Amino acid sequence: MGVITYLRTDSVRISEEADAAAREYIQSAYGENYTAATGVNKKSNQKIQDAHEAIRPSDITRTPAKIKESLSRDQFRLYQLIWNRFTASRMSNAEYETTSVKIGAGEYRFHVSASKIIFEGFLSVYTSEDDEKSENNVLLKSIDTDTKLEMKEMNEKQHFTQPPAHFTEASLVKTLEELGIGRPSTYAPTITTLLARRYLTKENRNLYVTELGEIVNTIMKEAFSTIVDEQFTANMESLLDKVAEGNVDWKTVVRNFYPDLDEAVKIAEKELEKVEIHDEVTDVVCDLCGRNMVIKYGPHGRFLACPGFPECRNTKPYLEKIGVDCPKCGKEVVLRKTKKGRKYYGCEDNPDCDFMSWQRPSKEKCPQCGGYMVEKGNKLVCADNQCGFVKERQKNQENQ
């Protein structure tokens with residue numbers, strides 16, 4: 001059974017049947033006041049492909065709670081997100097009461113404002129992080145023009161300009177969408193390709209440009225500046241859409257594009273120097289010839305290989321050590337991957353030692369039971385569920 005509509009579209013259009021069914025469901029489940037008025041404004045974007053409807057539940061009465069047992073954890077979370085967003089889009093707006101106060105303190109003037117929800121509307125279904133933060137932004141006591149305030153303490157803080165945050169997969173997709181580059185069906189393969197070719201590396205959800213990525217990017221900017229321009233892909237997408245609509249001849253597009261590309265390729269073949277990326281040498285000694293093995297990259301990721309190839313063809317799996325001793329045997333804990341690519345942590349002496357953890361183990365020991373602890377977000381949690389000890393991670397630990 002298909003529980004959602006076509007998942008690779010970027011359309012925002014909803015069919016009349018789905019719209020009517022959603023309004024009927026909202027009216028019966030939440031009340032008439034929660035149903036949006038007919039003709040709700042919809043965002044329009046000339047770059048979208050509108051052959052399919054927007055992503056939505058195939059049947060809005062099939063709530064996430066009803067089908068939770070039939071879905072995996074990730075499937076349920078995705079369906080819940082789609083169901084909540086679609087249902088909220090058919091509901092009326094939330095209403096706030098905002099209070100703004102100006103405080104006179106001698107020759108200085110301070111300003112404070114707060115708001116509270118007086119009608120939830122769509123927030124009864126879908127709440128963002130900003131909405132959750134605003135719930136705490138309320139004035140606890142009534143204030144009027146005769147109210148006198150006392151200063152209990154002064155918190156002096158100096159703020160410095162922070163560098164732009166590293167891209168995450170989500171923020172990168174959002175930027176690509178804003179620039180009009182690619183389609184929803186191409187975002188995931190694009191990021192996967194960049195990671196597979198070692199142009200990017202991913203650590204704690206952040207994407208970092210590797211040395212190879214920097215070199216390739218510099219070369220591409222020098223040799224093919226017009227192609228790697230942000231607007232090139234967006235303009236090409238627009239031209240291809242016009243070709244699909246029959247408004248532009250595809251031969252004209254190729255005729256205008258190819259000669260410049262051909263010339264740029266010929267110049268690059270003559271002028272660009274070859275770049276050699278040296279293999280990273282490790283302290284692992286080859287069992288066959290005694291050389292220090294180097295890190296190589298294959299279709300399935302990194303592995304250790306003897307630099308004496310082809311005379312010596314010895315290889316070993318690359319095990320990334322995390323600097324934590326195995327709780328069972330005392331050897332190093334290493335990062336491993338399942339056959340499906342999911343990361344986990346295990347002992348380097350596997351299969352002789354069967355230690356395994358889905359969460360990253362910590363060097364700290366549990367102060368209550370003496371067992372090992374694991375990292376879960378911003379917290380350290382005892383691996384023994386019966387113990388249940390939890391503590392906040394320190395900032396220096398998070399940055400390591």
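Rings of Phe, Tyr and Trp, the last represented by its six-membered ring, are taken to pair if their centres lie within 6.5 Å. In the predicted model described here, ring pairs of this kind link Y30, Y34 and F119 into a cluster. The structure holds six aromatic pairs, among them the one formed by Y30 and Y34, which is tilted, with 6.2 Å from centre to centre and 45 degrees between the planes. Y30 has a relative accessible area of 30% and is therefore partly exposed. Another of the pairs, that of F355 and Y372, is edge-to-face, with a centre-to-centre distance of 5.3 Å and an angle of 75 degrees between the planes. Because F355 lies in the loop between strand 11 (343-347) and strand 12 (356-357), while Y372 lies in strand 14, this pair ties together parts of the chain that are 17 residues apart in sequence. F355 is buried, since its relative accessible area is 4%, a value under the 20% that sets the limit for buried residues.

The secondary structure of the protein chain comes to ten helices and 16 strands. Buried residues make up 26% of its 400 residues, and the accessible surface of the chain comes to about 29,800 Å², of which carbon and sulfur atoms account for 48%. Among the contacts in the chain with a separation of 6 or more, 42% are between residues 24 or more positions apart.

Strand 13 (residues 361-365) and strand 14 (residues 372-376) run antiparallel and are joined by two bridges; they form a hairpin with six residues between them, and in its turn G370 has a positive phi of about 80 degrees. A further hairpin is formed by strand 9 and strand 10, with six residues between them and with G330 in the turn showing a positive phi of about 90 degrees. Strand 9 (residues 320-325) and strand 10 (residues 332-337) pair in the antiparallel sense over three bridges, and V334 in strand 10 is the bridge partner of K321.

A search of the whole structure finds eleven salt bridges. One of these joins the side chains of D349 and K331 at 3.4 Å from N to O. As D349 lies in the loop between strand 11 and strand 12 and K331 in the loop between strand 9 and strand 10, the pair ties together parts that are 18 residues apart in sequence. D349, with a relative accessible area of 23%, is partly exposed, and K331 counts as partly exposed at 39%.

D19, R23 and R90 are linked in a network of salt bridges. The side chains of R23 and D19 meet at 2.8 Å, N to O, and these two residues are separated by about one helical turn because they are four residues apart in helix 1. D19 also forms a salt bridge with R90 at 2.6 Å, N to O; this pair links distant parts of the chain, with D19 in helix 1 and R90 in the loop between helix 3 (73-89) and strand 1 (95-105), 71 residues apart. R23 and D19 are both buried, and R90 is buried as well.

The segment before helix 1 (16-29) includes Y6 and T5. T5 is buried, with a relative accessible area of 18%, and, leaving aside its neighbours within four places in sequence, T5 is in contact with A54, I55, R56 and S58. Y6, by contrast, counts as partly exposed at 37% relative accessibility. Together with L7 and I55, Y6 forms a nonpolar patch on the surface, and the accessible area of these residues together is about 270 Å².

Technical notes: Residues numbered from 1 in each chain as written. Predicted model: local features only at pLDDT ≥ 70, side-chain atom pairs only at ≥ 80, totals over all residues. Heavy atoms only, no water. Patch = residues over 30% accessible without salt bridge, like charges linked within 9 Å, V, L, I, M, F, W, Y side chains within 5 Å. Areas by Shrake-Rupley, 256 points an atom, 1.4 Å probe, with all protein chains shown as cover. Salt bridge = Lys/Arg side-chain N within 4 Å of Asp/Glu carboxyl O. Buried < 20%, exposed > 50% of the residue type's maximum accessible area, 1.4 Å probe, protein only. Pairing = 2+ DSSP bridges. Contact = heavy atoms within 4.5 Å. Phe/Tyr/Trp six-rings, centres within 6.5 Å; stacked < 30°, edge-to-face > 60°.
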